[in-house]
Amino acid sequence: MSAFWYYVFTLVFVMFDYFILAMGLNIQYGETGILNFAYIGFVALGAYVTGASSLPPSAGTGQQYIMGWGIPFPFNLLLGGLAASLLAVFVAVVALRRLRTDYLAVVLISFSLVFYDITNNYVPLFNGADGLYNVPEPLASVFKLTTNSFVPFFAVVAGLIALIMWWAMSRITNSPLGRTFRAIRDDDGVAAALGKGVFRYQLTSMLIGAFYAGVGGGLLVQFGGSFNTSSWLPAETFVVFAVIIVGGVGNNVGLLVGSLLVETLLIHLPAFLPDIPGHPGLIQYIDTMVVGVLLWVMLWFRPQGVVPERVRKTPLSLLQGLKSDRTANAEVPAMSLVDGAGVVEEGGVRD
Amino acid sequence: MTLFWLSVGFGFVTASVLAISAVGLSLQFGITNYINFAYGDYMALGAYFTYVLNVEFFHLEIWIATLFGSLLMGVLAVFVNRFLLSPFARRFNKTFYVMIVTFGLSLVILNVVYSIWGPNVRAYSMPIERVVHIGPFLLTKYQLITMVIAVALMLGIHLMLKGTRIGKSMRAISDNTTLAMTSGIDTKRITTITWFLSGSMAGLAGTVLGITEGNLTPAAGELFLFVIFAAVIVGGVGSIYGAMAGALLIGLATEVSVVFISAAYKLDVAFVILIFALLFRPSGLFARPGKD
Amino acid sequence: MTSGQIETPTTGGSEGAALSCQELKKSFLGVAAVTGATFDVPKGMITALIGPNGAGKTTVVNILSGMMKSDSGSMQVGTVDVTNWESHKIARLGLMRTFQLSRELGGLTVLENLLVAPKHQAGESLFNIFLRPGLAKREELANTERAIEILRTYGLFDLRDNRASELSGGQKKLLEIARAVMAQPKVLLLDEPMAGVNPALIERIGGYILDLKKQGVTVLMVEHNLNVVEKICDHVIVLAEGRTLATGRLSELRANPEVVQAYLGEVINASTTR
């Protein structure tokens, strides 16, 4: 296979993977209003757990890591997602219940940095700064894949997984649960006044989002076969924010568009460009700056994103299913304050 | 025991850097009511401004370079507020829009620094000085000067807040922005001055961090940021004196922890203290009502 | 009611009161806003909470709905002591509120604003969404039917698919009440439901409140317009300088010199001279 197609399928994989990551952050930030600045930490944990649980026991591999259970795909991926969810519960219980949005953001970004610091320094956990490598390519032996054919194969696998997770996420966002999330996002005080236990819903949202983060991270380590601390500095969280803000907060199709525009075309495509002689890394630096500036421009001119959150209209089927003809407003009752009053404008409220 | 006292000495140095940066962050938070996630990168950029004046051009003496580097950062902070942050803050009433903007700013500044100076470790040009014994402590002249600067600056901030009209206006805005505006305080001017102070202090903190550590890297400020957050929150968000106390506590705790655990995790100690503070005293040691 | 107390025995909640409070106190930054609010809201009636500006009416409503904690004092919903309860727990006992400045859920449609309201929906659990979708769907259908009924009553049916943020001020006021009604309240706290709306709409809102009373809902409303209070309220609580000054029928209160001095006089004079 030519290098061209190798690149193309790598980009396709990246698009699907960031679509999953974007869905996870979107349910937290876009739907529930939780400013999770530690998002990349959940991605990383998912990646490490997916990798470490699928590797053989660490003795003799030249790496140090916990687990090493040789769990096959996709069960290791599931484990990665669940581990991230577990971390979300911990974080939520400690921080989410007591802090208002901005303090929470501070604590979460601090948490993200500390988690990074510990993983980087404490080698027995996930091999320290070197990270995990030689993670088995999933299903490669089953389908007798070569290194070349693995890339398109796994891009398709990631696409299928993204499709399933999209379906599941749509079920959630279109359900009363998703609606309650959005109510909390718009005004948590009102949601509480309506009897909603805000914390419980925020916890649920964190849990779902972290699962998506974990799975997205797991796919990353499965695709590349390695994962180390340099791939998840806190700034990466910002990239996922950029994906959902550019694409369209609260809209799953928008997230796919954002993933294509920001992560795939803006960040990964230039990474294939050769370095400018004498300036290693310069392209990447400029690229990241462009992402930051693009985000300001989007927030200013089109805060709703390329594909805005859609208005969830009353389903027609529902209106038709109703018993009687109910297409108009009822007659309006009125008290009579003044004699002969009760004069009401026609056709609803206009003021 | 010697090690313990040595770490206490270093603790005071870290506390000095922290105090400068935490007070700078706190001043700005009190006035604008959103958190500047690019503050760590302001520190880095300020440190590199000093580097330019000290090493690349002019070859100014290190402390003179520090002065101008910091002031330059203050001016830049005013411009950034004027043309980026303030418009967003005015337009969106939910603070998290501005916070995301500052998060993006952090990324932009960091990569500007990377693009210009590269990822390599740099150092200021400073004459090598012997370490001096002061009681049980063992410190370099640069570390001592840093401590003196920090103490003097804290004193200056205190006098400004209590004694000058600008300082009083700052406190008034910090307590209640709407009330301050209706009582005729020029909030725009005060905000500009605050950003200048905040930016300068970030630049100064970043530079002295580079001086006391003996090196500077683009990401140094960013990694230091959560230690600052810890100091600010432990002390009570928006409270200047709380930030000073928080800086002392966190500075000492992180350095003294080296006696007991590996130095690689010393900054993480700040996070542990932060978590405990949040669990048991969520509004901080010196919390002011109304900012909660 | 008196024999079947399951929860902690109450101290001050008197029989026949849907909502009561004793000696509520609250201060902000050392400034006392509420200095001793004590009153009962009789069951099945419309009660007005009146008082001059700064009397602490909204603070009392915020405390009663659990959105603020009182510094001291106690309060009961029915016979259940809810002192210092979180607002969502108080809400689950059937106490709903509206806000002085409308707080619509702006990103949601008008219909969705109502659909959020019912408590404990099957579709709010992940388990039901994926494993018992039929149950969730049936409940949603029933809720939608009821929500549409309410929207028709409140004249908002045509706006059902508009985002709530697009509504006019008056429409938002109506939406707030409709949303609270959707939650099937036993007690409804209305914080100035008629402030800033045109006279025709005042009439309508008054009609809705009377209608709710017919359905057995207890209403406590903060209201400035004494005309409205006279027409629809059965009982009046006067708050002045953070404490209960007097309670009773408006006609009785007009005869109370203390009340007239603190509040009524000023308003009555103002309305006659205008």
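**Helix packing and a chain contact**

Biologist: Which residues of H6(B) do Met160(B), Leu161(B), Lys162(B) and Gly163(B) in H5(B) meet?
Modeller: The model is predicted. On the H5(B) side stand Met160(B), Leu161(B), Lys162(B) and Gly163(B). The residues they meet in H6(B) are Ile166(B), Gly167(B), Met170(B) and Arg171(B).

Biologist: How do the residues of that contact of H5(B) with H6(B) divide by class?
Modeller: Gly counts as polar in this scheme. The contact of H5(B) with H6(B) then divides into four nonpolar, two polar and two charged residues.

Biologist: How are H5(B) and H6(B) placed to each other, parallel or perpendicular?
Modeller: Helix H5 of chain B covers residues 141-163 and helix H6 of chain B covers residues 165-175. Their axes come within 5 Å and cross at roughly 80 degrees. Angles of 65 to 115 degrees count as roughly perpendicular. H5(B) and H6(B) are therefore roughly perpendicular.

Biologist: In chain C, is the crossing of H5(C) and H6(C) left-handed or right-handed?
Modeller: Helix H5 (residues 133-153) and helix H6 (residues 169-182) of chain C pack at about 145 degrees, with axes 10 Å apart. The crossing of H5(C) and H6(C) is right-handed.

Biologist: Of which class are the residues in the contact of H5(C) with H6(C)?
Modeller: H5(C) brings Ala147(C), Ile150(C) and Leu151(C), while H6(C) brings Ala178(C), Val181(C) and Met182(C). No polar and no charged residues take part, and six are nonpolar.

Biologist: Which element gives the largest share of the side of chain C that touches chain A?
Modeller: The contact takes 58 residues from chain C and 46 residues from chain A. Elements giving two or more residues to the chain C side include H5, H6 and helix H7 (199-214). The largest share, nine residues, comes from H7(C).

Conventions:
Residues are numbered from 1 along each chain as its sequence is written. Chains are lettered from A and ligands numbered from 1 in the order in which they are written. This is a predicted model: local features need pLDDT of at least 70, side-chain atom pairs count only at pLDDT 80 or more; totals for chains, interfaces and linings use all residues. Axes are lines fitted to C-alpha atoms, for helices over the stretch in contact, and angles run from 0 to 180 degrees between N-to-C directions. Helices (H or I, at least four residues) and strands (E, at least two) are DSSP runs, numbered from the N terminus. A crossing is left-handed if the near helix is turned anticlockwise from the far one by less than a right angle, and right-handed if clockwise. Two residues are in contact if their C-beta atoms, placed from the backbone, lie within 7 Å. Angles under 35 degrees count as roughly parallel, over 145 as roughly antiparallel, 65 to 115 as roughly perpendicular and the rest as oblique.
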